[in-house]
Each structure stands twice: as structure tokens, then as C-alpha cells.
Amino acid sequence: MDKMTKGWVNGLMGVAIFAGSLPATRVAVADFDPIFLTAARATIAGGLALALLVLLRQARPRREDLFSLILTAIGGVVGFPLLTAMALQHVTSAHSIVFVGLLPLSTAVFAVLRGGERPRPLFWMFSVLGAVMVAGYAAVSSAAGSLHGDLLMLAAIIVCGLGYAEGARLSRSLGGWQVICWALVLSLPVMLPLAWFSMPPSFASVGMPAWLGLAYVSVFSMLIGFVFWYHGLAQGGIAAVGQLQLLQPFMGLGLAAVLLHEQVSWAMLAVTLVAVTCVAGAKKYAR
């Protein structure tokens with residue numbers, strides 16, 4: 001496979017892993033406080049990341065890379081997990097997953113602002129079309145959500161797009177798995193004390209589904225998924241491969257229906273199918 005094809009394959013694997021994040025978070029926040037959940041998942045992933053960096057004897061990042069690593073951590077390690085956990089106290093995971101269709105546009109915008117990429121005009125047409133369809137669905141499906149939850153999801157999408165673009169830009173020189181590992185390690189001095197102080201007084205009422213949700217978002221959503229994702233973005237282009245995120249709602253809706261028995265409406269499916277179509281168009285005109 002050529003470099004771009006490898007980028008799309010790695011990106012697709014990352015998206016498939018991320019698709020389980022919101023359903024797993026929805027299960028976890030049923031028994032865990034959103035702040036504790038965010039801090040705990042980052043702490044667990046940060047410990048694993050630190051072990052990997054030490055065992056594989058990775059060199060420390062350069063001083064000029066620290067700002068990008070901080071932005072990556074703010075977007076992917078802290079901002080998106082916390083905001084989505086808070087949002088999922090007000091909306092279903094099926095409703096929140098549709099917002100993920102806005103991520104490709106957010107990532108593409110930051111790819112231009114921070115990554116120096118310049119996709120063709122038709123790329124923007126397909127990207128905006130997918131985003132408009134998703135935003136339009138969110139606006140008319142008030143029964144499944146709330147204004148507070150929707151605003152939290154929109155904020156999550158913005159900071160996540162920044163984290164994705166910044167991490168992918170840095171992956172070109174530092175390496176995909178190294179970027180997320182160093183971002184997690186940089187977050188440890190804040191996340192570890194926060195996890196300790198926000199820890200519930202007792203875990204007796206925490207059910208097994210919540211523990212499994214925490215395990216998934218800690219190991220897969222926070223670490224393994226990013227290894228594939230950043231590698232794919234660096235290989236195939238941030239704006240181009242980022243359009244694969246339009247497929248994530250389709251995968252996530254299926255998981256929400258099967259695992260959480262949440263209702264998936266025909267409107268949700270229609271919006272998701274349009275998003276899939278936009279992926280094909282955006283891919284063709286990405287460069």
C-alpha cells in the first residue's frame with residue numbers, strides 16, 4: 001500500500017475504536033462523576049503511556065514541541081472527555097454520537113490554521129454539507145437532547161478538532177504513538193491529583209458495566225485508538241483522513257442500539273448515510 005492508503009487504513013481503525021467511546025462513557029457516567037471519570041481515564045492511560053516510553057527508551061520531546069503537546073492534551077486528554085461526560089448526563093449517547101459528524105469539519109479547519117494544509121474548494125463543499133446535515137438534525141431533534149447537553153457537545157467538538165490537528169501535525173516529526181503518550185504524561189501532574197480528590201467515598205455502588213466503560217475509555221479511547229489515528233492523519237493528511245470521522249456516528253449508533261438498547265431513529269440513519277456519502281466526496285477532493 002502507498003502512504004496515503006496506509007493513512008486511510010490506520011485512520012479507519014482509529015475511528016472504529018473511537019466509535020465505542022461515547023456509549024462506554026454513557027455507561028460509565030451512570031455510576032461515576034464526570035470529573036472523576038475524566039481524571040481517572042487520563043491517569044490510567046497516562047500510567048500506561050509512561051511505562052511504554054520508559055520501556056522503549058524514547059527520547060524526550062524538544063522544547064519547541066511542548067506547546068503543541070499541551071494543545072493536544074487540552075483537546076484529546078482533558079477537553080473532549082470531560083465535556084462529553086458532562087453532556088452525556090443530559091443527552092443519550094445516540095444523540096451525542098451524531099455530533100461527532102461535526103468533527104471532520106472542525107479538524108479540517110484546524111488543519112488549515114495550524115497544519116498549513118490547503119484542500120480544494122470541493123473538499124470544503126462536501127465537508128460543510130456533512131456538518132450542516134449533522135447540525136440540522138441536532139437542531140430539530142430536541143426531544144432526544146437538551147440545549148445544555150448540545151452546547152457541551154459542540155464545545156467538545158471544537159477542542160477535539162484542535163487536539164486532533166495539533167497532534168497529527170506533531171506526529172510527522174515525533175511519531176504517532178509518541179505524541180499521545182507524551183501528551184498523557186504531561187497531563188499526569190494534573191489528572192492524578194484530580195482523580196484522587198474527586199474519587200467517590202465508596203465504590204460499593206459502582207456496577208460492572210461502569211467499570212468496563214472506564215476500562216474501555218482508558219485503554220482504547222485514550223491510548224490505543226490515538227496510536228492508529230495520529231499515525232493515519234500524519235500519513236494521509238489531516239484534513240483528508242479526518243473526514244473518516246463522518247463514519248464514526250454510523251458505527252456508534254449501532255453500538256448504542258445493540259449495547260445500550262437506545263432508540264435509533266430513521267432520521268439518525270438518514271443523516272449518517274449522507275455523512276458517509278460526504279466522506280467519499282471529501283476524500284476525492286482533499287488535495
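Q: Is R57 buried or exposed?
A: In this predicted model, R57 is found in the loop between α3 (34-55) and α4. Its relative accessibility is 77%, and the exposed class begins over 50%. R57 therefore counts as exposed.

Q: Which value is phi of R57 near?
A: Most residues other than glycine have a negative phi. R57, in the loop between α3 and α4, has a positive value although the residue is other than glycine. Phi of R57 is near 55 degrees.

Q: How many disulfides does the structure hold?
A: A disulfide is a covalent bond between the sulfur atoms of two cysteines, and the pair must lie within 2.5 Å to be counted. For C160, the closest cysteine sulfur is in C181, at 17 Å, which is too far for a bond. Taken from C181, the closest cysteine sulfur is that of C160, again 17 Å away and too far. The number of disulfides is zero.

Q: Does C181 count as buried or exposed?
A: The buried class covers residues under 20% relative accessibility. C181 has a value of 1%. C181 therefore counts as buried.

Q: In which helix is the place of T107, and with which residues is T107 in contact?
A: The place of T107 is in helix α6, residues 103-115. At 0% relative accessibility, T107 counts as buried. Leaving aside neighbours within four places in sequence, its contacts are G161, Y164, A165, I238 and Q245.

Q: Which element gives the most to the lining of the largest cavity?
A: The structure holds one cavity of 30 Å³ or more, and the volume of the largest cavity is about 140 Å³. Of the 16 residues in its lining, F18, S21, R41, F80 and Y164 are the closest to the centre. Two or more lining residues come from each of α2 (21-28), α4 (66-87), α8 (147-174) and α10 (208-236). The element that gives the most, with four residues, is α4.

Q: How many residues of the lining of the largest cavity are charged?
A: Arg is among the residue types that count as charged, and R41 is one of the lining residues closest to the cavity centre. The lining also has nine nonpolar and six polar residues. The number of charged residues is one.

Q: From which element does the largest share of the lining of the largest pocket come?
A: The largest pocket has a volume of about 210 Å³. Eleven residues line this pocket, and P23, A24, V27, G213 and L259 are the closest to its centre. The elements giving two or more residues are α2, α10 and α12 (248-259). The largest share, four residues, comes from α10.

Q: How do the residues of the lining of the largest pocket divide into nonpolar, polar and charged?
A: Pro, Ala, Val and Leu count as nonpolar, whereas Gly counts as polar. The lining as a whole divides into nine nonpolar, two polar and no charged.

Q: Which element gives the most to the largest nonpolar core?
A: This core has 78 residues, and those with the most contacts inside it are F32, L37, V77, Y164, L184, W229 and Y230. Leaving aside neighbours within four places in sequence, F32 is in contact with L37, F203, V206, A210, W211 and L214. The element that gives the most to the core, with eleven residues, is α8.

Definitions and conventions
Residues are numbered from 1 along each chain as its sequence is written. This is a predicted model: local features need pLDDT of at least 70, side-chain atom pairs count only at pLDDT 80 or more; totals for chains, interfaces and linings use all residues. Side-chain values use heavy atoms; hydrogens and water are left out. Buried means under 20% relative accessible area, exposed over 50%, partly exposed in between (1.4 Å probe, protein chains only). On a 1 Å grid over the protein atoms alone, a cavity is a set of points where a 1.4 Å probe fits but cannot get out, and a pocket is an open set with protein on both sides within 12 Å along at least five of seven lines; lining residues have an atom within 4 Å of a point. Grid points are joined across faces, edges and corners, and a volume is the space filled by probe spheres set on the points. Contact means heavy atoms within 4.5 Å. A nonpolar core is a set of buried Ala, Val, Leu, Ile, Met, Phe, Trp, Tyr and Cys residues joined through side-chain atoms within 4.5 Å.
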